[in-house]
Amino acid sequence: MSDMHKIIASRKRQDRLFAVLGVVCTLIGLATLAALLVNLAVDGLARINWQFLTGFPSRFAAKSGIMPAWVGSLLVMLVTMLTAVPVGVAAGIYLEEYARKNWLTGLIEINISNLAAVPSIIYGIMFLTLFVQQFGWGPSIRSAGLTLALLVLPIVVVATREALRSIPATIREAALALGATKWQTIRHHLLPYSAGGIATGIIIAMSRAVGETAPLITVGALAFIMSLPPSPIRSEAPYVSLAWLNSDFTVLPIQMFQWVSHAKHDFHINAAATGLVLVVLTLGLNAVAITIRYRMRRNIKW
């Protein structure tokens, strides 16, 4: 019994040591993030004002604004979300619930997992050839949005599959036993119960997409732009316009890159302010998604 007590005591010490290491690593990460945010705030917070948010880039740092950049970021993210979310969720549902478990399915699963680790610049080079050159779309919001959508698509697929796997098999069996079809089981039981996990994957995917720079530079994002895309809303029928999909664009990360590369320190302050806006935009989008996920989970009753 003494040997058994020694083993148990040793394992408890290992558990406590691992817990302490986990807390230390978490604090290091949080401290690093806090230091970066404080540095951005000290440099750029005073620069953020209405003129900065609604102005256009200029040769003079004090007159420069980021309106084309944040509008471009929102439009590119809109295309990315409208493409990646339905396609990724549908692909995850098919692979997990409908596809037969054979060598072909296994090959597809391996390739999806590998695509999630491919460097983003590879996507930029590939879709520069496909979207910009072969399809003739040029360096447009459509090309950028679809490039980012395909970049984050594996994340959405994997998250959807993992969320569906987490649902007890008894839920499926009970629905099928009561005469529900496979799609009715998925629609009324599996999707509502897995919505929280799927939303988490979507949040991670969109957070990665909003900060990407390399693929957007490759497909032709501009560093200096003095106009906004056409409005997607019209005052006459059909009240919706898609002309903005073919517009030139820039995004917040590229605007930051352009200002950081400038020799004058005043432009570096502009870059810090842009970084703060990008952080707030990212956190805002995540907050909306988290709120939706929370409401979905609250309505679930096992």
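**Exercise 1. Determine which residues make the nonpolar surface patch of about 430 Å², and state whether W103 is buried or exposed.**

*Solution.* The residues W103, L104, L107 and I108 make a nonpolar surface patch of about 430 Å². Patches are made of residues with over 30% relative accessible area and no salt bridge, nonpolar side chains (Val, Leu, Ile, Met, Phe, Trp, Tyr) being joined within 5 Å and like charges within 9 Å. A salt bridge is a side-chain nitrogen of Lys or Arg within 4 Å of a carboxyl oxygen of Asp or Glu. Accessible areas come from the Shrake-Rupley method with a 1.4 Å probe, and for residues only the protein chains shown count as cover.

Next, W103 is placed in helix α4, residues 103-115. Helices are DSSP runs (H or I, at least four residues), strands are runs of E with at least two, and both are numbered from the N terminus. W103 counts as exposed because its relative accessibility is 67%. The cut-offs are under 20% relative accessible area for buried, over 50% for exposed, and partly exposed in between (1.4 Å probe, protein chains only).

The model is predicted: local features need pLDDT of at least 70, side-chain atom pairs count only at pLDDT 80 or more, and totals for chains, interfaces and linings use all residues. Residues are numbered from 1 along each chain as its sequence is written, and side-chain values use heavy atoms, with hydrogens and water left out.

**Exercise 2. Describe the secondary structure of the protein chain and its box.**

*Solution.* The chain has 11 helices and zero strands. Its C-alpha atoms fill a box of roughly 75 × 55 × 35 Å along the principal axes. Of its 302 residues, 38% count as buried.

**Exercise 3. Characterise the largest pocket by volume and lining.**

*Solution.* Rolling a probe the size of a water molecule over the atoms shows where empty space is left. On a 1 Å grid over the protein atoms alone, a pocket is an open set of points with protein on both sides within 12 Å along at least five of seven lines, a cavity is a set where a 1.4 Å probe fits but cannot get out, and lining residues have an atom within 4 Å of a point.

The volume of the largest pocket is about 430 Å³. It has 17 lining residues, of which V85, A199, I202, I292 and M296 are the closest to its centre. At least two lining residues come from each of α3 (67-98), α8 (182-210) and α11 (265-298). The largest share, eight residues, is that of α8. By class, the lining has 16 nonpolar residues, one polar and no charged.

Key
Grid points are joined across faces, edges and corners, and a volume is the space filled by probe spheres set on the points. Ala, Val, Leu, Ile, Met, Phe, Trp, Tyr, Cys and Pro count as nonpolar, Asp, Glu, Lys and Arg as charged, and the others, Gly among them, as polar.
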